[in-house]
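Let's take a friendly walk through this structure together. Have the viewer open as you read.

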Amino acid sequence: MIVAEQKPLDEIMQSVSEDKNVLVLGCGTCVTVCFAGGEKEAEILAASMRMRSEMSDGGCTVDHLTIQRQCEWEYLDSAADAIKGADKVVSLACGIGAQAIIERFPEAQMVPGLNTRFYGLPTKQGVWEERCGGCGDCVLEYTDGICPVSRCSKSLLNGPCGGSHDGLCEVSDEMECAWHLIVERMEKLGHLDRLEEMHEPKNWSAARDGGPGKIVREDLLREPPGEVDEGEEGTGS
Ligand code: SF4
Ligand code: SF4
């Protein structure tokens, strides 16, 4: 899932300081699962913002609404009236959902309420860890299922580097060395010799190094849906 965390309230308040009518727009998918931007978080943030506003000049109305996904226009359209009626939308989606708002509603003023961090996995209650960097040329088949791109601090394809110690990364003693994990796992599975296999150079142009990614599936192409004026209401108020 995409993992994000909420921006500090001071920063969010600063970005709406000139606005009278604010909408906090939650997203019901990834950021709900990581407790950053779902219905509950949208409601709490809106209440906190209202309280802050009342403690200062009291001149800001803050509503909230949560839709299933901000990153798909079909769902975004259900919030069309609320978005168009707000001076500013605080998006509690990842950076994709936040940008979708202004692509779908170009007149809307949007500020992000979250910092989008990574593609990750909840490894235990309250802990999320990065597992994929969306590199576009997956090499998990060579590393026994452990991603060196996202889990090695240097994204090395031929680690471990000289800084690996006691199974930890030289960047921080809080981080496991990804290559230590890879070697350990290969050893356990009895095929450490696979590390000696030669591979074609990785295609880094499929990652961010090649510019913004784009996938076109000719077999699925169709015209995008037209914008709707009035849509089905989402949850919240
Ligand atoms: S190798 Fe690339 S696609 Fe595969 S898990 Fe790692 S970052 Fe993701
Ligand atoms: S110590 Fe391990 S995880 Fe850290 S940079 Fe070196 S190889 Fe990568």
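**A walk along the backbone**

Asp144 is partly exposed, because 18 other C-beta atoms lie within 10 Å of its own; a residue counts as buried with 20 or more such atoms within 10 Å, as exposed with 12 or fewer, and as partly exposed in between, with C-beta atoms placed from the backbone. This is a predicted model, in which local features need pLDDT of at least 70 and side-chain atom pairs count only at pLDDT 80 or more, while totals for chains, interfaces and linings use all residues. Residues are numbered from 1 along each chain as its sequence is written, and chains are lettered from A and ligands numbered from 1 in the order in which they are written.

Asp144 is not a glycine, yet its phi is positive, at about 55 degrees. You will find Asp144 in the loop between strand 7 (127–132) and helix 7; helices (H or I, at least four residues) and strands (E, at least two) are DSSP runs, numbered from the N terminus.

Phe35, also not a glycine, has a positive phi of about 55 degrees. Its place is the loop between helix 2 (30–33) and helix 3 (39–55). Phe35 counts as partly exposed because it has 15 C-beta neighbours inside 10 Å.

Now look at Pro160, in the loop between helix 7 (148–151) and strand 8 (168–169). The peptide bond that leads from Gly159 to Pro160 is cis, with omega near 0 degrees.
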